[in-house]
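Hello,

Here is the structure for your review. My notes on the ligand site and the fold follow below it.

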Amino acid sequence: MINQIKEILVTREELKNNAKELGKRISSDYEGKELVLIGVLKGGVVFFADLIREITIPIDVDFISVSSYGNSTKSSGVVRIIKDIDIDITNKHVLIVEDLVDTGLTLHYLKSMFEARGPKDVKICTALDKPSRRKVDLEIDYKGITIPDKFVVGYGLDYAEKYRNLPDVCVLDSSVYTDKEDMD
Ligand code: 5GP
Ligand code: MG
Ligand code: MG
C-alpha cells in the first residue's frame, strides 16, 4: 500500500494538533450548552474520533450517512440519506463534523435539513478545506487545514472504499486511478 503514495499532504502530527485546537475551541464556545455532534459517515469517522476526545464538555454524538445522487464527479447538490440520526435535535445546538469540504454542496444540504428540525443552531466543523472548488457560499465555523485542489485519501477519506486507514492525508500515484468516476 505504502508505495502507492505519491505525496503526504498533511501529516498525522498536523492532523492531531488540528483536532486538538478545534476541540479546545468547541469546548469553550459550547460550555453550559446542550451540544450534539453529528459525524458524516464514512469519511468523517477518523476525525470525529480524534475530535470528540479533545472535547472536555458533555456532548451527545450521532451519525448520518449520505451519498450524492448521480454522477459523482459532477455533484448535483442533492444528497441521498442512507442513515439518518437517531437523536431528537429540537432545541439543541448541532455541530456537523465532516472530513473535507470541497464544493460545499453536501454540507449546504445537510445544514438546511437539520435547521428544519428546530434546533437552537447548526454549525459546521471540518478537518480539511478545499476552497478552490467551492460552488456554494458556505460558512464554516470550525475550519481545519486548507489543502490545494488535489484528490486526497487517508484519515478516513477513500478512493473506491480503500485507503481510509492511512494515518496521513495523502495523494496517490496516478497509476492507482483506474476509474476516475469514483473520485468523489
Ligand atoms: P462536497 O463537494 O459536497 O463539499 O464534498 C462531499 C464529500 O466528497 C466530502 O466530504 C468528501 O467525503 C468527498 N471528497 C471531496 N473531495 C475529496 C477528495 O479529495 N478525496 C476524497 N477521498 N473524498 C473527497
Ligand atoms: Mg465527507
Ligand atoms: Mg468517497
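The largest share of the shell around ligand 1, four residues, comes from strand E5. Strands (E, at least two residues) and helices (H or I, at least four) are DSSP runs, numbered from the N terminus. The model is predicted, so local features need pLDDT of at least 70, side-chain atom pairs count only at pLDDT 80 or more, and totals for chains, interfaces and linings use all residues. Residues are numbered from 1 along each chain as its sequence is written, chains are lettered from A and ligands numbered from 1 in the order in which they are written, and side-chain values use heavy atoms, with hydrogens and water left out.

**Ligand site**

The shell around ligand 1 holds 16 residues. A residue counts as near if one of its heavy atoms lies within 4 Å of the molecule or strand. The closest are Thr103, Gly104, Thr106, Val152 and Asp158. By class, the shell has six nonpolar, three polar and seven charged residues. Here Ala, Val, Leu, Ile, Met, Phe, Trp, Tyr, Cys and Pro are nonpolar, Asp, Glu, Lys and Arg are charged, and the others, Gly among them, are polar.

Glu98 places a side-chain N or O atom 2.8 Å from a ligand oxygen. A polar backbone atom of Asp102 is 2.9 Å from an oxygen of ligand 1. A ligand nitrogen sits 2.7 Å from a polar backbone atom of Asp158. The protein covers 88% of the 510 Å² of accessible area that ligand 1 has on its own. Areas come from the Shrake-Rupley method with a 1.4 Å probe; for residues, only the protein chains shown count as cover. Strand E5 (93-101) and helix H3 (105-115) are the elements that give two or more residues to the shell.

**Sheet**

E5 also belongs to an open sheet of six strands, in the order E4-E3-E2-E5-E6-E7, with mixed pairing. Two strands pair if DSSP finds at least two bridges between them. The twist averages 30° from one strand to the next. Axes are lines fitted to C-alpha atoms, for helices over the stretch in contact, and angles run from 0 to 180 degrees between N-to-C directions.

E5 runs parallel to E6 (121-129), joined by eight bridges. Leu95 has Lys123 in E6 as its bridge partner. E2 and E3 are also parallel, with six bridges. Ile38 stands opposite Asp62 in E3. E3 and E4 run antiparallel, with four bridges. Ser65 is partnered by Lys83 in E4.

**Helices**

H3 lies across E2, E3, E4, E5 and E6, at about 170° to E5. Contact means heavy atoms within 4.5 Å. Helix H2 (45-52) lies across E2 (35-41), E3 (60-68), E5 and E6, at about 155° to E2.

**Backbone points to check**

- A cis peptide bond joins Leu41 and Lys42, with omega about -5°. Lys42 lies in the loop between E2 and H2.
- Asn91, not a glycine, has a positive phi of about 65°. Asn91 is in the loop between E4 and E5.
- Tyr155 also has a positive phi, near 55°. Tyr155 is in the loop between E7 and strand E8 (169-172).

Best regards

Terms used
Polar contact = N/O pair within 3.5 Å; in protein donor to acceptor, adjacent residues only side chain to side chain.
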